[in-house]
Amino acid sequence: MRLTVFGATGGVGQEIVGQALAAGHEVTAVVRDPAKLPASLDAGALYGVVALDDPAAVRAAVAGRDAVLSGLGARGRRPDGIAERLTGRIVEAMEAEGARRLLVVSAAPVGPVPAGEPVADRLARKAVRAALAEVYADLTRMEAVLARSATDWTSVRPPRLTDGPCTGVYRKVVGGAPCSSRTLSRADVAHAMLGLIDDVAAVKQGVGVAY
């Protein structure tokens, strides 16, 4: 497949790029600064590298692609609307070029409460939401941007991210969230996103993923 990956230098983004290249996909990376590609990314294996602040280049990067995947997100507790703003930029470019399939990273607290959630988990969820209120507010607005768009979007909602390995073994709930979810590695988030590209049931849905 021909894929474009936004946020390709971030933790999830690097995993998406690496796994996609290993699977034989053609990958274009969209990053804030192409000059700062980490050594862990094999720039020579990429189809192209595009600067995020170049609207014309971004439009060209999404045109005719089989899917666009975004690992963009805030770093720290003060997101300043970055997820909403940058996802809006992606959506605008895709709508202008008639590109359809879009998968983004969100977070478990943005989704619905899991059925049968234990009281301890519910209290923990509330505490996390309170501590990272601005981050989750930004992600909620980002998902609203997706819902208003003409894209065939999927929002992948993991719990706390870790730097663990890619196992390919995790729970997945389309339109909901796994009960008692705690963590998921960035590598497995990437694995889930790539696996959901052709999943028709996940189109215009949030998907909860967790161990």
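Me: Buried means under 20% relative accessible area, exposed over 50%, partly exposed in between (1.4 Å probe, protein chains only). What is the relative accessible area of S180?

Reply: It is 31%, so S180 is partly exposed. Keep in mind that this is a predicted model: local features need pLDDT of at least 70, side-chain atom pairs count only at pLDDT 80 or more, and totals for chains, interfaces and linings use all residues. Numbering starts from 1 along each chain as its sequence is written, and side-chain values use heavy atoms, without hydrogens or water.

Me: Where is S180?

Reply: S180 sits in the loop between β8 (171-174) and β9 (183-185). Helices (H or I, at least four residues) and strands (E, at least two) are DSSP runs, numbered from the N terminus.

Me: What about the phi of S180?

Reply: Phi of S180 is positive, near 55 degrees, and S180 is not a glycine.

Me: Now K204. What is its phi?

Reply: K204 is another non-glycine residue with a positive phi, about 60 degrees. K204 lies in the loop between α6 and β10 (205-210). Its relative accessible area is 39%, so K204 is partly exposed.

Me: You mentioned α6. How many of its 11 residues are buried?

Reply: Eight, so α6 is mostly covered.

Me: Which ones?

Reply: In α6 they are A187, D188, V189, A190, A192, M193, L194 and L196.

Me: At what angle do α1 and α6 cross?

Reply: Helix α1 (residues 11-22) crosses helix α6 (residues 186-196) at roughly 55 degrees, and their axes come within 8 Å. The axes are lines fitted to C-alpha atoms, for helices over the stretch in contact, and angles run from 0 to 180 degrees between N-to-C directions.

Me: Which residues of α1 and α6 meet?

Reply: From α1, G11, V12, E15, I16, Q19 and A20. From α6, their partners are R186, A187, V189, A190, H191, M193 and L194. Contact means heavy atoms within 4.5 Å. Among those α6 partners, A187, V189, A190, M193 and L194 are buried.

Me: OK, another pair. How far apart are the axes of α2 and α3?

Reply: They are 9 Å apart. Helix α2 (residues 55-62) packs on helix α3 (residues 82-97) at an angle of about 60 degrees.

Me: Which residues of α2 and α3 meet?

Reply: V58, R59 and V62 come from α2. The α3 side has A93, M94, A96 and E97.

Me: What about A61, where is it found?

Reply: A61 is in helix α2. Its relative accessibility is 6%, so A61 counts as buried.

Me: Leaving aside neighbours within four places in sequence, what is A61 in contact with?

Reply: With that exclusion, A61 is in contact with T4, T28, V30 and V50.

Me: How many Å separate the C-alpha atoms of A61 and K36?

Reply: 19 Å. Along the chain, A61 and K36 are 25 residues apart.
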